Amino acid sequence: MPTELLVPLVLGVAAVLQATCNREIAVHTGLPAAAALNMLVATIAALAFAAYCAVRQAPDGLLRWQPDVAAFRWWWLLPGSVGFLIVLGLPWA
């Protein structure tokens, strides 16, 4: 199977699995605790990924590490906010 088809398929399965697991966790702990746990794990994974990219020092491409605080735009916070809403909303739905 070509990578162009495999990646979206795997991500779709992962999204369903995440929502299912979050719903199961929420049944036992409540939705806020399930969302907090999910975001804690995502934060740790994101920081580990950022550290890997910083150490790797790729000169170009998506894995380069070139933080530019001056280039920051407020709307860069939207993907994280939308991700939080997805994590919160899918198990609830």
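Guide: The second largest pocket is lined by L11, A14, Q18 and V87, a pocket being an open set of points on a 1 Å grid over the protein atoms alone, where a 1.4 Å probe fits, with protein on both sides within 12 Å along at least five of seven lines, and its lining residues having an atom within 4 Å of a point. The model is a predicted one, in which local features need pLDDT of at least 70 and side-chain atom pairs count only at pLDDT 80 or more, while totals for chains, interfaces and linings use all residues. Residues are numbered from 1 along each chain as its sequence is written, and side-chain values use heavy atoms, with hydrogens and water left out.

The volume of this second pocket is about 160 Å³, a volume being the space filled by probe spheres set on grid points that are joined across faces, edges and corners. Helix α1 supplies the largest share of its lining, three residues; helices here are DSSP runs of H or I with at least four residues, numbered from the N terminus, and strands are runs of E with at least two. By class the lining holds three nonpolar residues, one polar and no charged ones, where Ala, Val, Leu, Ile, Met, Phe, Trp, Tyr, Cys and Pro count as nonpolar, Asp, Glu, Lys and Arg as charged, and the others, Gly among them, as polar.

N38, which sits in helix α2, is in contact with Q18, N22 and V87 once neighbours within four places in sequence are set aside, contact meaning heavy atoms within 4.5 Å. N22 belongs to helix α1 and, with residues up to four places away in sequence not counted, touches A34, N38, V87 and P91. N22 counts as buried because its relative accessibility is 5%, and N38 is buried as well, at a relative accessible area of 15%; with a 1.4 Å probe and protein chains only, buried means under 20% relative accessible area, exposed over 50%, and partly exposed in between.

The helices that carry these residues can be described in turn. In α1, the buried residues are A19, N22 and A26, and they pack against α2 and α3. The 27 residues of α1 should span 39 Å at 1.5 Å a residue, and its end C-alpha atoms, 37 Å apart, agree with that; the expected span is 1.5 Å times one less than the number of residues. The C-alpha atoms of V27 and D68, which are 41 residues apart along the chain, are separated by 42 Å. After α1 comes G30, whose phi is positive, near 100 degrees.

Helix α2, residues 31-56, has 26 residues and reaches 37 Å between its first and last C-alpha atoms, close to the 38 Å expected. Its buried residues are L31, A34, A35, N38 and C53, and their cover includes α1 (3-29) and α3 (78-92). Just after α2, Q57 takes a positive phi of about 55 degrees, although Q57 is not a glycine; the residue lies in the loop between α2 and α3.

C53 leads in turn to the largest pocket, as it is one of the lining residues there, together with A46, L47, F49, A50, G61, L62, L63, R64, W65, Q66 and P67. About 490 Å³ of space lies in this pocket, and its lining has nine nonpolar, two polar and one charged residues.

At the level of the whole chain, there are three helices and zero strands, in the order α-α-α along the sequence. The C-alpha atoms fill a box of roughly 45 × 40 × 25 Å along the principal axes. The radius of gyration is 16 Å, whereas a compact globule of 93 residues would have one near 12 Å; the radius is taken over C-alpha atoms, and the globule rule is 2.2 Å times the number of residues to the power 0.38. Of the 93 residues, 12% count as buried. Among contacts with a separation of 6 or more, 52% come from residues 24 or more positions apart.
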